[in-house]
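Here are my notes on the model you sent. They are set out as numbered points, to be read alongside the structure.

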Amino acid sequence: MLGKLRAVAWQNCTLLRRDQITRAVTVAVVVITLAAGLASTWSVEDRVKILFDVGYFGMQLLGSLVAIFWGSKLVSDSRQDGAIEWQLAAPLSRPEWLIGKYLGLALTQLFLATVILAIWQLGLLAFGYGLLTDAQVAVYLMMVLGWLVLSALAVTLAVLMRFALALFAGLGLWLIGLTSQSAVAALGPESSGTSQAVVRGIARVWNLQHFNLIDRVLEPRAIQPSALSDQIGYGFLLVAMMLTFASLVFRRGDVAAA
Amino acid sequence: MQNEDLSTVADDIAINGVRKVFKTDLLRGPQLAVNNLSCRFAGGRCTGLLGHNGAGKTTTIRLILGLLKPDQGTIKCGNDDLSTQQRARIGYLPEVNKLPGLLTAREVLNYQLRLFSGPALKPAEDRRQAVNAALAAVDLTGHGDKLISRLSKGMARRLGWAQATIHQPQILILDEPASGLDPLARRQMISWIAAEKKRHTTIILCTHELSQVMELCDFYHVLRRGDLVASGSLGPNATQSYTIKVSGLRSDALERFASKEGLPPWRHLRQEGILAELSFVGYEHSARWLQMLLAHGFVVTHFGADLQAFEESLLRHYGGGT
């Protein structure tokens, strides 16, 4: 089973690495790094804060959009070009195929994350900010975990609906995840009990701010791995839950080219 | 067939009472794709799956491959359900090239081997050799590292054949294998199918080209709007039409010859100059005529199944006639 998962994952990773999106993201990261570097150079104070605010915000946005886009088209692309037919005509169960495809997507995201980090580091060196600290790398890795969660969400949606719907639903849920914590903070005493329960319930289950540690980037102390265990556990739990659900749905019903 | 070694022949594929209704079209309502279909694809033989567009051929193939789930009925290979593991015995060539354009030919074949071969071909070197051999077999040796999107249609089709057969399947499902190919490539594809047939691979050939059916198939099934409307055998049989073309005999001479030798009557006689074309129903009658004509030294220019009559009988099934 592992050999088959590896074969599907590697094949999907190869396909995504050759996708035009990969090249577009690389160019976009160079632009973001330049923009962040120039913004910090031209500012009169809080240069490091501006550098990381602009840079990490740009990367966060880019990585999340790519995760949702790639995840949403994971199934639909194979349906569209008919590849799903020859792939699932193999001695391969549908959950194996789906999880293998997700692993390939995750591998590509990690590859892309490494490229992005390398460009960012080169940018920092070019603008005279030196090497990244452990804390800054930890913040970045947590951001990458957020991308993996988003791609798992998009894959789940792609199993349930067509590409366009999955894409819009993914973007909507991404925004909900980003704002759920702020929504809880904005709840006033005048809010009804039901509203409070719903908003708090959503924020408890779906809160993407768990993966946003940008505030800690300028703290002098290093971020200890033990302090991140909750966030890491939450991320992997979300991925496991969503893929389990997607696999259960995908194994039922019909799979055929569009 | 009796003298052939059948020890490696795959089991029959048996479809029993399979029904499939698509409920995805909200405007048109449920669409009946396959209705209570029961038929058999004989192990080690080639069976044509025929019918007009939308008759249910591709749905039947997808049901066999497990891509669609039947609403009722079973599909078995021998005594077993066609499970995920059973699919290791199947090779599938879809109607159009469905291989991802961003992979190379070599990557597709390697992927196929990794999924199908199990531990037998695990070492990378073994796989590399098998891939090279498969590429050579379809004349793609110099194109292994090209992206599929850069291959011509004919090359992609040849690669499709290589991916369908690289693991030496016992069952081969071919959906319009020669579609879009030029005459030369078409001929090559037919020769590959014939070679698989010799290997006693169970072949399901889904095609619109009746000449291919005549050339390759032992049996056929005809579907119309999801129903099985005809099945038959294409070997020498009692219901098939056969023709003999004989030179230098006119109708009166043929009649005298028939009465003298006590030969059975022909169904139809057509005279074209010095060439007489005799049609018969049934192999026995035509074979007796052939034997006597040859014994008396007449020049027989053609003997074989009557393609036109076969096509006409099939087309009646396509169109709904009887």
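1. What share of the residues in chain B is buried? The model is a predicted one, and in it 38% of the 322 residues of chain B are buried. That share counts a residue as buried when 20 or more other C-beta atoms lie within 10 Å of its own.

2. On overall make-up, chain B contains nine helices and 14 strands. Its C-alpha trace spans about 70 × 50 × 40 Å along the principal axes.

3. On contacts inside chain B, take those between residues at least 6 apart in sequence: 71% of them join residues at least 24 apart.

4. On the interface, 23 residues of chain B are in contact with 23 residues of chain A. On the chain B side, the elements that give two or more residues are α1 (57–65), β6 (90–93) and α2 (105–116) of chain B. Of these, α2(B) gives the most, with five residues. By residue type, the side of chain B that touches chain A divides into 15 nonpolar, six charged and two polar residues.

5. In chain A, one element to look at is helix α5, residues 94–126 of chain A. This helix has 33 residues, and the distance from its first C-alpha to its last is 48 Å. That is close to the 48 Å expected at 1.5 Å a residue.

Terms used:
Residues are numbered from 1 along each chain as its sequence is written. Chains are lettered from A and ligands numbered from 1 in the order in which they are written. This is a predicted model: local features need pLDDT of at least 70, side-chain atom pairs count only at pLDDT 80 or more; totals for chains, interfaces and linings use all residues. Helices (H or I, at least four residues) and strands (E, at least two) are DSSP runs, numbered from the N terminus. A residue is buried if 20 or more other C-beta atoms lie within 10 Å of its own, exposed if 12 or fewer, and partly exposed in between; C-beta atoms are placed from the backbone. Two residues are in contact if their C-beta atoms, placed from the backbone, lie within 7 Å. Ala, Val, Leu, Ile, Met, Phe, Trp, Tyr, Cys and Pro count as nonpolar, Asp, Glu, Lys and Arg as charged, and the others, Gly among them, as polar. The expected span of a helix is 1.5 Å times one less than its number of residues.
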